[in-house]
Amino acid sequence: YLGQDLTYDKVLETLGAVDTEIFSRLLRQILEKNVTGAIGVIDEMVIEGRELGQFVNDFTWYLRNLLLVKTSEDAEEVLDVSSENLKALQEESQLIDTDTLMRYIRVLSELANELKFSTQKRIKVEVTLIKLTRPAMEQRQDMGDVISRITLLEQEMQEAMEA
């Protein structure tokens, strides 16, 4: 962007691209059950001075966009993103099933509400990331958690049979 006029749209475009890349990395760490990697992404955000409550809200919005891409016939009508971002969201949405996405959105929405009144934001975010990577650790099991656990077991069985 050197030599170009700095406009609000260009700033948003740049920030959006950065966030999309960060959210993609975080989602992949969670899907790979890599707690250390997921917490590493949060460390980066803290070092960069990001407010964790806003980061969680933005990540939840990103997951919502993935869900819309996955379930909507005309996602480009619903989402206000560039065609490049839409293509990235479509690719990313292939990595995760709808039930898991809905569970992640639910868990992160609960976290966002808790963070409004918390003095221990980082700890709450880290515990939630662990919860997302390990559905079996949740005490309060609802149908989404049970489905996530079954899906994980099915994947592990499939991988074992292919090995």
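Student: What is the relative accessible area of Lys33?
Tutor: You are looking at a predicted model, in which local features need pLDDT of at least 70, side-chain atom pairs count only at pLDDT 80 or more, and totals for chains, interfaces and linings use all residues. Residues are numbered from 1 along each chain as its sequence is written, and side-chain values use heavy atoms, leaving out hydrogens and water. With a 1.4 Å probe and protein chains only, buried means under 20% relative accessible area, exposed means over 50%, and partly exposed is in between. Lys33 counts as partly exposed, because its relative accessible area is 30%.

Student: Where does Lys33 lie?
Tutor: Helices (H or I, at least four residues) and strands (E, at least two) are DSSP runs, numbered from the N terminus. Lys33 has a positive phi of about 60 degrees although it is not a glycine. You will find Lys33 in the loop between H1 and H2.

Student: Which residues does Phe59 touch, not counting residues up to four places away in sequence?
Tutor: Contact means heavy atoms within 4.5 Å. Phe59 is one of the residues with the most contacts inside the core. Leaving aside residues up to four places away in sequence, Phe59 touches Phe23, Leu26, Leu27, Ile30 and Leu108.

Student: Within what arc do the buried residues of H5 fall?
Tutor: H5 has Leu86, Leu89, Glu92 and Ser93 as its buried residues. They line one face of the helix, because seen down the axis of H5 they fall within a limited arc, and its value is 125 degrees. The arc is that of the directions from the helix axis to the C-beta atoms, and on the other side of H5, Ser83, Glu84 and Lys87 are exposed. So the arc for the buried residues is 125 degrees.

Student: At what angle do H3 and H6 cross?
Tutor: Axes are lines fitted to C-alpha atoms, for helices over the stretch in contact, and angles run from 0 to 180 degrees between N-to-C directions. Under 35 degrees counts as roughly parallel, over 145 as roughly antiparallel, 65 to 115 as roughly perpendicular and the rest as oblique. H3 and H6 are therefore roughly antiparallel to each other. Their axes come within 9 Å and cross at roughly 155 degrees.

Student: How far apart are the C-alpha atoms of Ile105 and Thr60?
Tutor: Ile105 lies in helix H6, and at 17% relative accessibility Ile105 counts as buried. Not counting residues up to four places away in sequence, Ile105 touches Thr60, Leu63, Arg64 and Leu67. Along the chain Ile105 and Thr60 are 45 residues apart, yet their C-alpha atoms are separated by 5.8 Å.

Student: What is the angle between H3 and H5?
Tutor: Look for Tyr62, Asn65, Leu66, Val69 and Lys70 in H3, which meet Leu86, Leu89, Gln90, Glu92 and Ser93 in H5. The axes are 9 Å apart, and the angle is about 80 degrees. That makes H3 roughly perpendicular to H5.

Student: How far apart in space are Val46 and Arg122, C-alpha to C-alpha?
Tutor: Val46 is found in helix H2 and is partly exposed, with a relative accessible area of 32%. Val46 touches Leu52 and Arg122, not counting residues up to four places away in sequence. Val46 and Arg122 are 76 residues apart in sequence, and the C-alpha to C-alpha distance is 8.6 Å.

Terms used: Core = buried A, V, L, I, M, F, W, Y, C linked by side-chain atoms within 4.5 Å.
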